[in-house]
Amino acid sequence: MIESFIHWLLSVLAVPEVGLTSVFLIALISATLLPLGSEPAVFAVVKANPDLFWPAILVATLGNTLGGAIDYGMGYAAKKAFHSERQTAWFRWLERFGPKTMLLAWLPGIGDPICTLAGWLRMPFWPSVFYMAVGKFLRYVFMTWALLSLTDGFGHWLATHMG
């Protein structure tokens with residue numbers, strides 16, 4: 001049952017119109033504080049449609065950056081509620097390095113909270129979004145390339161060694 005669902009999901013993601021929309025939505029949702037990874041969706045679309053490598057990367061980057069900007073906005077709005085937390089090491093580190101810390105927004109587990117803290121600290125919005133986008137773009141290029149290389153390389157290795 002799960003296997004048929006996965007095949008159905010991959011076939012839906014393979015349709016360029018649906019695939020890119022799915023990539024955008026999954027990337028957007030995964031950039032909020034919800035635990036969801038978007039790389040498998042990007043990989044599935046690109047694996048099914050290699051011509052969509054760059055469009056999928058760009059759509060995922062856009063969705064994930066927009067999600068990071070939403071995190072920034074949540075932090076910006078939450079500042080009033082938790083003013084005493086400003087003395088933690090995270091805040092001092094972010095204040096020291098400024099918007100360039102948003103290059104780390106791609107990191108699993110801490111990237112989304114970094115975006116939220118940047119909003120809390122009221123770092124300049126557009127430089128923060130720019131650095132978020134650069135970090136997220138590089139992550140999608142690397143992860144998609146690595147997954148494609150790994151699966152293609154493994155498939156070739158398996159075929160040659162299995163007879």
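1. Which charged end sits over the ring of Tyr76? That of Arg122, 3.8 Å from the ring centre. The criterion is NZ of Lys or CZ of Arg within 6 Å of the ring centre and within 35 degrees of the ring normal. Arg139 likewise lies over the face of Tyr140, at 4.3 Å.

2. On provenance: this is a predicted model, where local features need pLDDT of at least 70, side-chain atom pairs count only at pLDDT 80 or more, and totals for chains, interfaces and linings use all residues. Residues are numbered from 1 along each chain as its sequence is written, and side-chain values use heavy atoms, without hydrogens and water.

3. Mean pLDDT (the predictor's confidence in each residue, from 0 to 100) is 83 for the chain, and 78% of residues reach 70 or more. Helix α1 (residues 2–14) is lowest, at a mean of 65. Helix α4 (residues 53–78) is highest, at 93.

4. The chain has 7 helices and 0 strands. These are DSSP runs numbered from the N terminus: helices H or I of at least four residues, strands E of at least two.

5. Now the rings. Tyr72 and Tyr76 are stacked, because their centres are 6.4 Å apart and their planes at 20°; pairing requires centres within 6.5 Å, and stacking planes under 30 degrees apart (over 60 is edge-to-face, the rest tilted). They are 4 residues apart in α4, about one helical turn.

6. Tyr72 is buried, at 6% relative accessible area. Tyr76 is partly exposed, at 38%. Buried means under 20%, exposed over 50%, partly exposed in between (1.4 Å probe, protein chains only).

How values were computed. Phe/Tyr/Trp six-rings, centres within 6.5 Å; stacked < 30°, edge-to-face > 60°.
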